Amino acid sequence: MYFAALLARTEDGWEASDTELDDVETLADLADLARQAAVDDDTVVAFIEQEGAWFGVVRVDGEDDPRVFVSNAAAASRSSYGAMLTDELIGRDEEAPEDLDDLTNLDGTEDGEPEGAGDEAETAADDPVPAGPLGDVELLDDLGVTGKDLLTFDSDGDALGEIADALGCTDVLEAVR
């Protein structure tokens, strides 16, 4: 189960709206959705969380490129919305084949080596998605949440609530939860 919300910064504070991610397939789609929620091209912060496994924060300022932070990249990469964020952060192109074996029918084994030997170890070593946090830890610094703070928030706890508290918009976020 996912939770997603957009927090739009205004002159009077923050406005929150929960959002459906059904039509969001890329980070660009999410950034466009955030820009639609923006008031006068001001900052919009998107929160995405998957049941205590990971959380992501995406910051969109006007037409600037979105800034992204994911609390646990390995866990996030195993979910559709998390993969959307982690793929962008590591530069993985969804359209590109992962390796040359995808282009041929070769099994890639050495003479005398049984097929599939060592596949699990190679897959883990070749996985470009790191375990742990990934992205721009300073994306909320000017809003009162330091990179050090962001790294201490626990995915198993109420990380988004703690971030909202630091931003001064707990009541606004709770209204859409």
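Reply: Threonine 43 stands opposite aspartate 61 in strand β4. This is a predicted model, in which local features need pLDDT of at least 70 and side-chain atom pairs count only at pLDDT 80 or more, while totals for chains, interfaces and linings use all residues. Residues are numbered from 1 along each chain as its sequence is written, and side-chain values use heavy atoms, with hydrogens and water left out.

Strand β3 covers residues 43-50; strands here are DSSP runs of E with at least two residues, helices are runs of H or I with at least four residues, and both are numbered from the N terminus. Of the 8 residues of β3, 7 are buried, buried meaning under 20% relative accessible area with a 1.4 Å probe, protein chains only.

β3 pairs with two strands (pairing requires that DSSP finds at least two bridges between them). With strand β4, residues 54-61, β3 pairs in the antiparallel sense over 8 bridges. With strand β1, residues 2-10, the pairing is also antiparallel, over 7 bridges, and here alanine 4 stands opposite isoleucine 48 of β3. The hairpin of β3 and β4 has 3 residues between the strands, and glutamate 51 takes a positive phi near 25° in this hairpin.

Aspartate 61, found in β4, is buried, with a relative accessible area of 19%. The side chain of aspartate 61 makes a polar contact with the side chain of arginine 59 at 2.8 Å. A polar contact is a pair of N or O atoms within 3.5 Å; within protein, one must be able to donate a hydrogen and the other to accept it, and residues adjacent in sequence count only if both atoms are side-chain atoms.

Phenylalanine 47 leads on to the packing. Leaving aside neighbours within four places in sequence, its contacts (heavy atoms within 4.5 Å) include Phe3, Leu7, Val57, Leu160, Ile163, Leu167 and Leu173. Phe47, together with Phe55, Ile163 and Leu167, has the most contacts inside the largest nonpolar core, which has 24 residues. Such a core is a set of buried Ala, Val, Leu, Ile, Met, Phe, Trp, Tyr and Cys residues joined through side-chain atoms within 4.5 Å. The elements giving two or more residues to this core are β1, β3, β4, α6 (159-167) and α7 (170-176), and α6 gives the most, with 5 residues.

The buried residues of α6 include Leu160, Ile163 and Leu167. They pack against elements including β1, β3, β4 and α7.

Definitions and conventions: Buried < 20%, exposed > 50% of the residue type's maximum accessible area, 1.4 Å probe, protein only.
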